[in-house]
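Here is a short report on a protein model. Look over the sequence and the structure first, then read on.

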Amino acid sequence: MLKNRFRSGNDTQITLQQSLERERLLAKIAQLGIWEYEIATETVTLDDRSCEIYGVNRAEFDGTTETWIALLHPEDRDAITRRMRMFRDATADALTITIRVLSPNLGERYISLGAQMERDEHGRAQRMFGVVRDVTDEKMFEQRLQERAQHMQAVIDNMFDCIVAIDATGTITSFNPAAEAVFGRPSGNVIGQNVSILMPQTYADNHDQYLANYLSGAEPLVIGRIRELVGIRNNGEIFPMELAVTEFHHAGERGFVGVIRDLTEQKRVERMQTEFVATVSHELRTPLTSIAGALALLKGGAAGAIPEKATKLLDTAMRNSHRLTRLIEDLLDMERLTFDRLNFNFAVHRVDALLKQAIEANETYAGSSNISLELMATVPEVSIRVDDGRFVQILSNFLSNAVKFSPQGASVLVEATLEDEDVLCTVTDFGSGIPDSFQERLFQKFSQLDASDTRNTSGTGLGLAISKELAINMNGSVGYTPAKTGGAQFWVRFPAVTDVPEKHVS
């Protein structure tokens, strides 16, 4: 094969035979097969390793080109033989190709074939020789990767959400069909451009600097989070969207994938729902107030003495009118919170006084269900700055839920503790608790654990959502923790205030 001259330490010449033996040894170590093809006689010679790779018995291989061609996969024979003839007739001296063979012993295999051409002084091809290597496993792995990539691309192409990928410079590298539809831009016109073309000018002006800051180690503002932003369509329309961005690394390069959801329809439906609820609530409030007033007058004897049976009916009517009033107030509160129309009268209040006020406001309701409300241990002598009426509203929502889902004769525990610089107020019941699958929806609007027509408890599903918004507006937070007793524990947290002024602070 190689006809170079090698020299030893004593500068003696290594014979050609020794060179060939060394070459074969290296090929054996590398698990390579050695082959030769004499063009004049059309004779193919395969060593033992080559026969193993081709999956042929050496004793059965007669060395003819026809026999070697017969080893090739039937679908590839014409193409490979044509490629070898082109190599023979060209001026190139080296060739590397991957061929597919169909072995009677091993089945379908992939082989990397390296060829070197030996020519005479006139450039005519005399002999080919080279090595072969079994690359079936590598080829199968490559095919699996390609199939996985094709599957992933098919998933991306058929997603309803927009998928937009960019590189570290902010240049768009991928733009799926959903993104084309939402932004009104074909991918061919977008890929290669800066992602800022998808943003209104106020966002676009800052994007490149934000990306540069992040790559330099700044705190991420969008990456790894879900945020509501706005995008801009090709026709100039600005629309609301939800964006989640993830960083990835490929071939040593950093990139980012954004999943975008068009919120236009969702916002339209929410607006219609809010407007409908607000309209209905306002329209119901006035006649319901008149009904409740009339019932109170009747019960008070304004129309004369009322028979005992009629009094019971009046009591039922009044209870339900009060219930309807509370439901309407919830709806109106949610509407005011949604449009930031709810006023808060902030003042600094002692926590113990607020808890007692909340318990007193709900004792009658709890007593009707034979449930006792208990204030646990000693309440810390601290204060919080809140609207006292709205704080009691939060606790009342927790307490009414606890009463609804507590067994007859049980207790509901109210407790306040100090955690760092915050006051944590909890309401704990001994009911059946809340399933894990429902917990993430607890504080969403109109969420009810039992929303069926036959449910045992009443309500709009707004109480916890209102509590959350009220707490946020007063610089606090709410949450849920499964109780150690097996029931439910709701909490509200506010920063503690050490100084208690004698008058309210606006």
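What volume does the second largest pocket have? The volume of the second largest pocket is about 550 Å³. Keep in mind that this is a predicted model.

**The pocket**

The lining of the second largest pocket counts 23 residues. Nearest its centre lie Met199, His207, Val222, Leu229 and Leu243. Which element gives the most to this lining? Helix α8 does, with 5 residues. At least two residues each come from β6 (162-167), α8 (201-215), β8 (226-232), β9 (238-250) and β10 (253-262). By class, the lining of the second largest pocket has 19 nonpolar, 3 polar and 1 charged residues.

**Two helix pairs**

Now turn to the helices. Two packed helices are described by the angle between their axes and the distance between the axes. The table gives these values for two pairs.

| Helix pair | Angle between axes | Distance between axes |
|---|---|---|
| α11 (351-368) and α12 (388-404) | about 40° | 9 Å |
| α12 and α14 (463-473) | about 150° | 9 Å |

Take α11 and α12 first. Their axes pack at about 40°, which makes α11 oblique to α12. The crossing of α11 past α12 is right-handed. On the α11 side, the contact includes Leu354, Leu355, Ile359 and Tyr365. On the α12 side, Phe391, Val392, Leu395 and Leu399 are among the residues in contact. Sorted by class, the contact of α11 with α12 has 11 nonpolar, 4 polar and 2 charged residues.

How do α12 and α14 lie, roughly parallel or roughly antiparallel? Their angle is about 150°, and angles over 145 degrees count as roughly antiparallel. The two helices are therefore roughly antiparallel to each other. The crossing of α12 past α14 is left-handed. From α12, the contact is made by Arg390, Gln393, Ile394, Asn397, Phe398 and Asn401. From α14, Gly463, Leu464, Ile466, Ser467, Leu470 and Ala471 take part. The residues of the contact of α12 with α14 divide into 6 nonpolar, 5 polar and 1 charged.

Key
Residues numbered from 1 in each chain as written. Predicted model: local features only at pLDDT ≥ 70, side-chain atom pairs only at ≥ 80, totals over all residues. Heavy atoms only, no water. Axes fitted to C-alpha atoms, helices over the stretch in contact; angles between N-to-C directions. Helix = DSSP H or I, 4+ residues; strand = E, 2+ residues; numbered from the N terminus. Parallel < 35°, antiparallel > 145°, perpendicular 65-115°, else oblique. Left-handed = near helix turned anticlockwise from the far one by under 90°. Contact = heavy atoms within 4.5 Å. Nonpolar A, V, L, I, M, F, W, Y, C, P; charged D, E, K, R; others polar. 1 Å grid on protein atoms, 1.4 Å probe; cavity = no way out; pocket = protein on both sides within 12 Å on 5 of 7 lines; lining within 4 Å. Points joined across faces, edges and corners; volume = space filled by probe spheres on them.
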